[in-house]
Amino acid sequence: MTCIPDESDFSALTARLRELANPDAVDCWPTEHLQTLWQAGAARWVIPREFGGEGIDAETLLWRYRELARASLLTAFIFSQRNAACQRIESSANRHIAAQLLPDLASGRILATVGISHLTTSRQHWQVPTVTATMDGTDYLLNGVVPWATGAGYADLLVTGGTLADGRQLLAVVPVRAPAVVVRPAVAMLGLSASCTGEVELHDVRVSASDVLHGPIERVMAAGAGGAGSLSTSAIAIGTAQGTLDCFAEEAERRPELHHYLNPLQREADMLVESLAAAAVAGPAQKGRVSAETLRQRANSLVIRAAQSWLAATRGAGYVSGHPAERAVRESLFFLVWSCPQAVLDASLKELSCGLS
Ligand SMILES: Cc1cc2nc3c(=O)[nH]c(=O)nc-3n(C[C@H](O)[C@H](O)[C@H](O)COP(=O)(O)OP(=O)(O)OC[C@H]3O[C@@H](n4cnc5c(N)ncnc54)[C@H](O)[C@@H]3O)c2cc1C
């Protein structure tokens with residue numbers, strides 16, 4: 001993989017993230033973790049140079065997501081949602097909005113997040129779209145409930161979208177503190193509650209045609225990279241698995257018999273790291289390239305088995321609330337539900353339903 005130029009700075013960043021207390025409750029937004037990222041210049045990574053960013057390449061970004069997740073899943077996940085918002089702004093043909101927002105995002109002065117799952121993976125069985133877009137003169141009005149938005153209560157901007165009566169969809173940037181936007185209280189979850197994720201109500205949120213980021217078109221999220229089940233999500237899953245295996249390895253230092261179980265998991269993680277690197281650089285038709293969906297299926301399988309193996313190794317002690325192994329098990333299950341296209345979901349259900357054979 002690309003040798004990242006400031007490798008020692010990056011190691012210092014991940015070391016610092018490991019030192020910080022890892023919040024686990026809905027009222028504990030990880031301000032210090034994000035400040036640590038911003039101090040390391042991470043707010044600039046995905047933003048092009050012309051807007052004050054660093055414009056790092058996709059391969060380097062995946063490498064960094066994986067290593068960040070290895071140090072702190074919570075931080076890597078929140079950061080990835082913020083970057084997804086920046087990338088949707090950056091990839092818009094609307095250069096006026098990009099020029100207006102990206103410099104402030106690059107400096108860390110403002111924070112953005114995404115509420116886009118209702119356009120890809122969430123509420124797909126509903127008869128009516130959860131967020132509608134209607135024309136009002138040359139403007140659009142967005143109405144409904146965005147089902148999931150991480151850190152919306154702490155963000156300035158929400159990249160979200162709605163569906164028109166003819167089925168076409170549009171993406172826009174909505175100022176979170178506008179009176180027409182209501183951020184509902186974040187929900188407590190099995191894990192990652194400190195990501196302060198929850199619903200956002202949109203009441204006649206006005207978007208002028210000149211402020212639309214993408215669309216209106218059918219399947220607006222299919223335009224541009226980084227949708228559900230993207231390589232970034234696999235990078236975060238693989239990094240999380242590696243973080244778990246790092247802890248398992250510490251246990252195995254004291255109990256060498258555990259190496260029998262740890263070693264194959266570590267080899268699997270190494271292979272996935274290689275597949276991720278190959279997928280990041282290879283063209284879509286390249287022979288031997290693992291598809292994004294297959295990679296995510298394998299990453300999901302590994303992250304869950306790694307956490308459960310570590311828990312089994314730590315025995316009852318690991319099952320007590322507050323032990324890092326029980327937390328790893330809870331957080332690994334996040335990957336069963338987050339940003340999973342149907343094929344990934346089906347593969348998880350198939351693996352879980354087959355049992356020992
Ligand atoms: C911690 C966390 C943070 C997240 N952060 C974000 C974020 O920042 N931005 C973002 O856009 N997304 C985010 N997501 C959303 C995520 O990517 C998925 O879209 C979401 O987990 C899908 O779950 P859902 O309950 O909305 O799915 P749905 O498919 O809507 O399922 C909801 C319920 O509907 C029922 N159901 C499902 N299918 C059918 C059917 N065919 N017929 C009848 N009933 C059915 C099931 O009982 C299910 O429990 C986050 C998710 C989590 C867990």
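Visitor: At what angle do the axes of H1 and H3 cross?

Guide: This is a predicted model, and its values are computed from the coordinates. The axes of helix H1 (residues 7-19) and H3 cross at roughly 30°. They come within 8 Å.

Visitor: Why is H1 called roughly parallel to H3?

Guide: Set the angle against the cut-off. Angles under 35 degrees count as roughly parallel. The crossing is at roughly 30°, so H1 is roughly parallel to H3.

Visitor: Which residues of H1 and H3 meet?

Guide: From H1 come Phe10, Thr14, Leu17 and Arg18. They meet Arg64, Glu67, Leu68 and Ala71 in H3. The classes are 4 nonpolar, 1 polar and 3 charged. The crossing of H1 past H3 is right-handed.

Visitor: Is the crossing of H2 and H4 left-handed or right-handed, and what makes the contact?

Guide: The H2 and H4 crossing is right-handed. H2 supplies His33, Leu34 and Leu37. H4 supplies Leu74, Thr75, Ile78 and Phe79. That contact has 5 nonpolar and 2 polar residues, with no charged ones.

Visitor: Why is H6 called roughly antiparallel to H7?

Guide: The axes of H6 (residues 231-254) and H7 (residues 259-281) cross at roughly 155°. Angles over 145 degrees count as roughly antiparallel. The angle passes that mark, so H6 is roughly antiparallel to H7. Their axes come within 10 Å, and the crossing is left-handed.

Visitor: What classes of residue make up the contact of H6 with H7?

Guide: It has 16 nonpolar, 4 polar and no charged residues. Leu231, Ile238, Leu245 and Phe248 are among those from H6. On the H7 side, the list includes Leu262, Leu265, Leu272 and Leu276. Gln242 of H6 and Gln266 of H7 also belong to the contact.

Visitor: Which domains is the protein divided into?

Guide: The assignment gives domain 1 (7-106), domain 2 (112-222) and domain 3 (231-352). The centres of domain 1 and domain 3, taken over C-alpha atoms, are 22 Å apart. Their contact takes 15 residues from domain 1 and 15 residues from domain 3.

Visitor: Which helix gives the most to the side of domain 1 that touches domain 3?

Guide: Helix H3 (58-71) does, with 10 residues. H4 also gives two or more. This side of domain 1 has 9 nonpolar, 1 polar and 5 charged residues.

Visitor: How do you know where the ligand lies relative to domain 2 and domain 3?

Guide: Look at who lines the shell. Both domain 2 and domain 3 give residues to it, so the ligand lies between them. The shell holds 23 residues. The closest are Ser117, Ser122, His125, Trp148 and Thr150.

Visitor: Which element gives the largest share of the shell around the ligand?

Guide: Strand E3 (139-150) does, with 4 residues. Strand E1 (112-115) and helix H10 (334-337) each give two or more as well. By class, the shell has 10 nonpolar, 12 polar and 1 charged residue.

Visitor: What makes the phi of Arg123 worth a note?

Guide: Its phi is positive, about 60°, although Arg123 is not a glycine. Most residues other than glycine have a negative phi. Arg123 lies in the loop between E1 and strand E2 (131-136).

Visitor: Is the peptide bond from Gly215 to Pro216 cis or trans?

Guide: That bond is cis, with omega near 0°. Most peptide bonds are trans. Pro216 is found in strand E8 (residues 212-217).

Definitions and conventions
Residues numbered from 1 in each chain as written. Predicted model: local features only at pLDDT ≥ 70, side-chain atom pairs only at ≥ 80, totals over all residues. Left-handed = near helix turned anticlockwise from the far one by under 90°. Contact = placed C-beta atoms within 7 Å. Nonpolar A, V, L, I, M, F, W, Y, C, P; charged D, E, K, R; others polar. Near = placed C-beta within 6 Å. Domains from an automatic or database assignment. Axes fitted to C-alpha atoms, helices over the stretch in contact; angles between N-to-C directions. Parallel < 35°, antiparallel > 145°, perpendicular 65-115°, else oblique.
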